[in-house]
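Hi there,

Here is the structure I promised to pass on to you. Please have a look at it first, and then read my notes below.

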Amino acid sequence: MSDESGVLIEATGLRKSYDNAVAVDGIDLAVSAGEVFGLLGPNGAGKTTTILMLLGLTEPSGGEVRVGGLDPMRHPLAVKRQVGYLPDAIGFYEGLTGRENLRYTAALNEVLPPEAGDRIDDLLELVGLTEEADQAVGTYSRGMRQRLGLADVLVKDPKIVILDEPTAAIDPEGVAQMQQLIGLLAHRDGRAVLLSSHLLPQVQEVCDRMAIFVKGRIVAEGTAQELGASLADGRARFRISLDASEEVLRTVANTQFGSDQVEIEAAGHGSWTVIVPSLSAQSLFAALVNANVEVREMRDLNSELDQIYRRYFRESAETLA
Amino acid sequence: MTANPETTFTPWTRKRSGWAIIARKEFADHILSIRFIALLVLLGLVGVGTVYAAATALKDAAPATANTPGLFLRLFSVQADPVPLSFVTFLGFLAPVLGIAFGFDAINGERSQGTLPRLVSQPIHRDDVINGKFVAGLSIVGLIITVISVLVAGVGIVMLGIVPSAGQVARLLIWLIATVLYVGVWLAFATFCSVIVRRASTSALLSIALWLVFALFGSLLAHLAAGVFSPIDQGNPESAYNNAQAEVTLARVSPTVLYQESSLALLNSDVRSVGLITYEQIDQALPSELSLTQSVLLVWPQLVSLLAITVVIFAFAYVPFMHQEVRA
């Protein structure tokens, strides 16, 4: 651990601008040992650019980066020695076997035999590829490649692991395996893990903390609970499905809460999103029942992270536009 | 799982720098590749065919050629029916294919496989990638050319029953180095294409197009350009000389011409000039041999130019590669 607080990845005011566009607009990050940190954002939000700057593979336009206490632009080899990076759309040499691909990485990291062979065997077992280790990677499925990628990252035994979209485009079973492995890296081995994803459920599943990343900015940061609470702003959000028209819903809600307190948006298929002052769901439900409206479904959106996520994106899109 | 299967990549047992590890892996990949085997077979057939024809022709002319200096090296440079070209000419024509074959997908191949981000995130410098690949390409080309030349020499020795002298072997070795330098030009150009063009097929086509331009139209272009820069004035014989001089000079822009001149002087000890010679200069001249050093001196500018062209083209590949975005 390079620093007393255990912070292994630190970025302050990190910026990257291209000729006519700003990809990353002044972000702050800190990831400690033993923690999984998720960068959650839509494609094109600047997640990969941020990761490349952390690795020293892209030069920042401004701000500071410390990885393991070092500036990746000034000490590229020392940083790359302690950071394992799994790129999105990971590729391997198709004609070589999984084991050979790992051996190459080991050689590049100066992990020498016989240590390399033992470590590779252990890693292949960890990611469940022992059986397939001596097949050409060309025959691997996406999930297998992704797991081989994780083994590849770990060949150098890094203190810091950076995973770019580790669970994108693999089947649900593969996702579960990856998530379990990622958890082990941080919680069992004490590595600092930074992962990026555009898929909220997967981030939620595995990350201790997360940052919501939109258009080059971090718009919110914290645990899932903190993020949910920060958005609630004293109002309750419900998704309601009715066998009635919007007029009926509006009339009932206005009578109950006052028309200036109610927001209703159509959500399609006879359902609406209703935002009302922070009151229990029961009072709205009771009012609807009293008005003889049949309520098919009613859900509290504040507790659902994908709604939080979408709302953040919508809000940031509005404020940044 | 403890069984240790046959693998194509066994790591170094001691620490090496990044480019050496990359070069070693690339070399191993190349040597098992279909393109390596195909080129080796193709060049092997060409080599044996040409040397067989040349040796047959030399044997038929044995009484007359008994005293010819450097008879052994003539094997490489003599054209004899039914084969249309000598071995050297063939190799001069095909050498660019070797360079292109081992360079056209050097960088964009890593990109399209998605291995580049993984590779550059290892503790190596970014230029280790392109340097290692260039070294591997040049080594494999050197291997092919050496194998084929030794094969050709062997067939020639058996057929002619003459043993080359040390001087001839030295000439052959220097000619091999010149050939590798010439291939280096094309390897560097193909690597350049692989950096700037994303698709391997486009990169191969671009390299092949340039090769064909030089191989087929090089002399024509030099001729036309000489006519523009130094036109022939009908009443003035000196202008004809100047025109010819300009044409020779312009033709030397082409690495193919530089290589042909080098081959000519290195493999024929009685060649005394690779430039323009007037009748006055050779009138009454006694045929005599140049020593190896003199022959090398004669084409030293050509050899240095080939090296310089390789370095410059490689620099054109190197600089953009260092500044390119890593992501796919």
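Glu35(A) counts as buried, because its relative accessibility is 12% and the cut-off for buried is under 20%. Please keep in mind as you read on that this is a predicted model.

What does Glu35(A) form a salt bridge with? The partner is Arg209(A), and the closest N and O atoms of the two are 2.7 Å apart. This pair links distant parts of the chain: Glu35(A) sits in the loop between strands E2 (22-32) and E3 (36-40) of chain A, while Arg209(A) belongs to strand E8 (residues 209-214), 174 residues apart.

Glu165(A) and Lys47(A) meet through their side chains in a salt bridge, at 3.1 Å from N to O. Glu165(A) lies in the loop between strand E6 (160-164) and helix H6 (172-188) of chain A, and Lys47(A) lies in helix H1 of chain A, so the pair ties together parts that are 118 residues apart in sequence. Glu165(A) is buried, with a relative accessible area of 9%, and Lys47(A) is buried as well, at 5%.

Leaving aside neighbours within four places in sequence, the residues in contact with Lys47(A) include Leu39(A), Pro42(A), Ser196(A), His198(A) and Phe213(A).

**Where the two chains meet**

In the interface, 36 residues of chain B are in contact with 36 residues of chain A. The area buried between the chains is about 3,300 Å², and carbon and sulfur atoms give 58% of that area.

How many salt bridges are there between chain B and chain A? The count is one. Asp152(A) forms this salt bridge with Arg118(B), with the closest N and O atoms 2.9 Å apart. Both Asp152(A) and Arg118(B) are buried.

On the side of chain B that touches chain A, the elements giving two or more residues are helices H1 (18-31), H6 (106-113) and H7 (116-120) of chain B. H1(B) gives the largest share, five residues. By type, the residues on this side of chain B divide into 13 nonpolar, 12 polar and 11 charged.

**Chain B and the cores**

Chain B has 14 helices and zero strands. Of its 328 residues, 48% count as buried. Among contacts in chain B between residues at least 6 apart in sequence, 79% join residues at least 24 apart.

The largest nonpolar core has 113 residues, and those with the most contacts inside it are Ile162(A), Phe76(B), Phe102(B) and Trp175(B). Helix H9 (residues 166-196) of chain B gives the largest share of this core, 16 residues. Apart from this core lies another, of 46 residues, including Val155(A) and Leu181(A).

Back to Trp175(B): beyond its neighbours within four places in sequence, it is in contact with residues including Phe87(B), Leu91(B), Tyr259(B) and Leu266(B).

One last item on charges. A search of the whole structure finds 23 salt bridges over all chains. In chain B, Lys25(B), Glu26(B), Asp29(B), Glu110(B) and Lys133(B) are linked in a network of salt bridges.

Best wishes

Definitions and conventions: Residues are numbered from 1 along each chain as its sequence is written. Chains are lettered from A and ligands numbered from 1 in the order in which they are written. This is a predicted model: local features need pLDDT of at least 70, side-chain atom pairs count only at pLDDT 80 or more; totals for chains, interfaces and linings use all residues. Side-chain values use heavy atoms; hydrogens and water are left out. Contact means heavy atoms within 4.5 Å. Buried area is the accessible area (1.4 Å probe) that two parts lose on being put together, summed over both. A salt bridge is a side-chain nitrogen of Lys or Arg within 4 Å of a carboxyl oxygen of Asp or Glu. Helices (H or I, at least four residues) and strands (E, at least two) are DSSP runs, numbered from the N terminus. Ala, Val, Leu, Ile, Met, Phe, Trp, Tyr, Cys and Pro count as nonpolar, Asp, Glu, Lys and Arg as charged, and the others, Gly among them, as polar. A nonpolar core is a set of buried Ala, Val, Leu, Ile, Met, Phe, Trp, Tyr and Cys residues joined through side-chain atoms within 4.5 Å. Buried means under 20% relative accessible area, exposed over 50%, partly exposed in between (1.4 Å probe, protein chains only).
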